There are 2 protein chains.
Amino acid sequence: MEEKEFEELEALLEQNKFTVLHSLLKEMNPVDIADFLGSIDEKYLVVTFRILPKDISADVFSYMDSDSQENIVRSITDSELHRLVEDMYIDDTVDFLEDVPANVVTRVLKATDPKTRETINRFLNYAEDTAGSIMTTEMVQLHTHLNASEAIEQIRKTGIDKETIYTCYCIDEKRHLVGILDLKDLLLCEPNTKLTDIMDDDKQIISVTTHDDQETVADLARKYDLLSVPVTDSENRLVGIITIDDIVDIIEEENTEDFEKMALLSPSDDTYLKTGVFKMSKNRIIWLVILMISATLTAQIISKKEMLLADFAFLISAMPMLMGTGGNAGSQVSTLIIRGLALGELKIRDYFRIVFKEIRVALCCATVLAVLNFLRLMIVGGGDYLQYFVVSAAMFLTVLIANVIGCTLPILARLVKLDPALMAGPLLSTIVDAATLSIYFAIAQFVLMR
Amino acid sequence: MEEKEFEELEALLEQNKFTVLHSLLKEMNPVDIADFLGSIDEKYLVVTFRILPKDISADVFSYMDSDSQENIVRSITDSELHRLVEDMYIDDTVDFLEDVPANVVTRVLKATDPKTRETINRFLNYAEDTAGSIMTTEMVQLHTHLNASEAIEQIRKTGIDKETIYTCYCIDEKRHLVGILDLKDLLLCEPNTKLTDIMDDDKQIISVTTHDDQETVADLARKYDLLSVPVTDSENRLVGIITIDDIVDIIEEENTEDFEKMALLSPSDDTYLKTGVFKMSKNRIIWLVILMISATLTAQIISKKEMLLADFAFLISAMPMLMGTGGNAGSQVSTLIIRGLALGELKIRDYFRIVFKEIRVALCCATVLAVLNFLRLMIVGGGDYLQYFVVSAAMFLTVLIANVIGCTLPILARLVKLDPALMAGPLLSTIVDAATLSIYFAIAQFVLMR
């Protein structure tokens, strides 16, 4: 939806043309309505929410940002709140409750049925980012003694409340998950086929437990092209499912986390514009300080060579270029390795193949860079050929070392169960800088001060 | 599946125990079978593929890597190839054909029915990464004059060949896309309900055209929680759909591309271990050279200040630390902005709000860093208090400037239709380095050389 359309809709609000607005909203997608509600003046929020068609208001509410959700909950009556929560899927309710103040949570729980309340409370107790905390209980459960037409009949009767009916879960009397069934197979087989004949069973069941990390859920769904992943408790009893729309969100969340870690930012759940200045500063300052203090190392390396630098002032001017190239080459390598590890394309056991490949790639890149650098220095001038040679030789070795460090650090991190994403640009550059300067001064001393 | 299980399966192959192997493979997930086929000795590949249950071999083939696919196609008979291609979904066939040599493509096309061949040829002509190149034609199309039970009957008859039956597309006599229908609604309504009464129509239809970028497809599916996205031609006729499993792959592909661009790597479609050394070097060398040459700027800045640096050698030792901190602060900001733009959370029009926030965040971070840096220098020693002050003041201004540059560059890139991901760590550091050194030397000259 375009901003212009939103403005037209808001104009209707200002003119109190609620009937026209109602009929326009009825035609809109709930996601767009939620966007619209997030864009309008706060004073119109509750009145607009109230004129939404009843069958979509819970859906719209699920898509709204948490500030607007909170505003609405504070303004509607207990009975409106009761109906809203009963109409929402459990996983959306839990999502919403995780982001609002405790007094709002209390009010929502008070307004719900005891059974719903119990479920919500159980969900809120699962650790953040576990399968339990993101699952929903609205799945289709079929007993194994049914046949296909009985199963379809049951889905027809109860399906309206389910978050998905496209993957059905077969359970025995003790609610153990014993089979998985696509609605497609159910619909396309003979009506009197037994479920046990068409369901995937035993080894083919792909499931997670409530305590598994959400990343595991996303990896399984991506690898096996699943529309939903079943969640079981420690005794293999089916307790919930995670649907593909939430899995897509998890994938983006995990990617965002990797992007943030690679820039050494503490992960943040809020969007950029919603995060406060102090929280944002806090997310950034720790690593900035750590890296600044680590740079003491490079300063020490330099201060020991002050005599050398005073004699050959030209060498100073090449320092940033050398450190920059080393950092850039290292970042390229570590990014590839971090991504390969995250997508499961690379494993720890591939390390030696990786290093061997990186050394060969480095030899190619380093040769090109060293030659071009020598030519560049000849054109720009400022020193003599022996000094240009020193800089170019250091460049060659820097790229070589940067590539080896760049592929080693992420794999080392995985080995000691740290997130490889931490070993990206910034941290790597600090380490490569020290190596670069040591090599540079060693070569300079050897060549120039004999 | 564990590596150990694969080894057990391969042992069966070596012992020619094909019947046992067949019965074990029958129980496995096609994705795992494809993994297994990728792990075994090449000489067993075709024989193992041939003993697969017929109903899953096309599925397994779709999940295999392109080298193994090529090996199999080269070894099987024309009639086997014919059946294989007819059993595969069009989008999987196109994926496979895009990665193999021309002579294999010719052989596959020869072995297929004229109608399939025509479709494949049309798909191969769509530009890479467009909706047309990734869609499939196996969707459920329902004419609007049907009622619910007639529609279900049609799905029962034709559904077996469709990639998904869970979202159905309603068309008029001219094949125009006029409505979208969830199977759920179809199944749960009264049997004699008209499709036009339950389908989403008009404004609610979310679709793309064949020439739209795959990123658009992924964004829509993510935003609206779609299980599949319909693709139309320029006259709004339905020509295909893109299903959620492919959309998940697109999301990961687009993320990988962003990761690569942020490290200034030319994007590569192959996995790390499959990319050759020269291709990999080529992907990296261009930006390394460009950045190395750009560093001439910093070298020039330094060489003009050689006198200053010769007099105050301590200043040299702080250079890497200042440039490092500037680069790190800038990377943190640009990562947040790049990700915000990619997920649609930030827009160009938010620029002034972003800059205002970044300045405030920078003031917090810069103050902490400058104070800690002063203390650090007091402890480490090497210069006098006036010099420490120069370094700390330069640190303060560097962080401030780095934050402003870090949020400006990605938005500027978006404004001129470049990918904001290019404006990450490496490119940013090179620009921030020059600014940092200029500030540093200006302050040093002003304070120390009066």
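Student: How many residues of chain B are in contact with chain A?
Tutor: In this predicted model, 96 residues of chain B are in contact with 96 residues of chain A. Two residues are in contact if their C-beta atoms, placed from the backbone, lie within 7 Å.

Student: Which helix gives the largest share of the side of chain B that touches chain A?
Tutor: Helix H20 of chain B, residues 314–342, gives the largest share, with 18 residues. Helices (H or I, at least four residues) and strands (E, at least two) are DSSP runs, numbered from the N terminus.

Student: And what is that side made of, by class?
Tutor: The side of chain B that touches chain A has 51 nonpolar, 24 polar and 21 charged residues. Here Ala, Val, Leu, Ile, Met, Phe, Trp, Tyr, Cys and Pro count as nonpolar, Asp, Glu, Lys and Arg as charged, and the others, Gly among them, as polar.

Student: How are the residues and chains labelled, and what does the prediction limit?
Tutor: Residues are numbered from 1 along each chain as its sequence is written, while chains are lettered from A and ligands numbered from 1 in the order in which they are written. As the model is predicted, local features need pLDDT of at least 70 and side-chain atom pairs count only at pLDDT 80 or more, whereas totals for chains, interfaces and linings use all residues.

Student: New topic: which residues touch the most other members of the largest nonpolar core?
Tutor: They are Ile337(A), Val399(A), Ile337(B) and Val399(B), in a core of 130 residues. A nonpolar core is a set of buried Ala, Val, Leu, Ile, Met, Phe, Trp, Tyr and Cys residues joined through C-beta atoms within 7 Å. A residue is buried if 20 or more other C-beta atoms lie within 10 Å of its own, exposed if 12 or fewer, and partly exposed in between.

Student: What does Val399(A) touch?
Tutor: Not counting residues up to four places away in sequence, Val399(A) touches Thr325(A), Gly326(A), Ala329(A), Ala362(A), Cys365(A), Ala366(A) and Leu369(A). There is also a second, separate core of 76 residues, which includes Ala148(A), Leu226(A), Ile251(A) and Leu226(B).

Student: Is Ala342(A) buried or exposed?
Tutor: Ala342(A) counts as buried because it has 22 C-beta neighbours inside 10 Å. Ala342(A) is found in helix H20 of chain A, and its C-alpha atom is separated by 8.4 Å from that of Pro420(A), 78 residues apart along the chain.

Student: What about chain A overall: how many helices and strands?
Tutor: Chain A has 23 helices and 7 strands. The C-alpha trace of chain A spans about 90 × 60 × 35 Å along its principal axes, and buried residues make up 43% of the chain.

Student: In what order do the strands sit in the open sheet of chain A?
Tutor: The order of the 4 strands is S1-S2-S3-S4, with mixed pairing. S1 and S4 of chain A stand at the edges, each with a single partner strand, so one side of each is left without a neighbour in the sheet. Two strands pair if DSSP finds at least two bridges between them.

Student: How do S1(A) and S2(A) run?
Tutor: They run parallel and are joined by 3 bridges; the bridge partner of His143(A) in S2(A) is Ile171(A). The chain crosses from S1(A) to S2(A) through helix H12, residues 148–158, in a right-handed β-α-β crossover. Right-handed means that, with the strands pointing away from the viewer, the path from the first strand over the helix to the second runs clockwise.

Student: And S2(A) with S3(A), parallel or antiparallel?
Tutor: S2(A) and S3(A) run antiparallel, joined by 5 bridges, and Tyr169(A) has Ile180(A) as its bridge partner in S3(A). The two strands form a hairpin with 5 residues between them, and Arg175(A) in the turn has a positive phi of about 65°. Of the 5 residues in S2(A), 4 are buried.

Student: Where is Asn16(B) found?
Tutor: Asn16(B) is in the loop between helix H1 and helix H2 of chain B. Asn16(B) has a positive phi of about 60° although it is not a glycine, and counts as exposed because it has 9 C-beta neighbours inside 10 Å.
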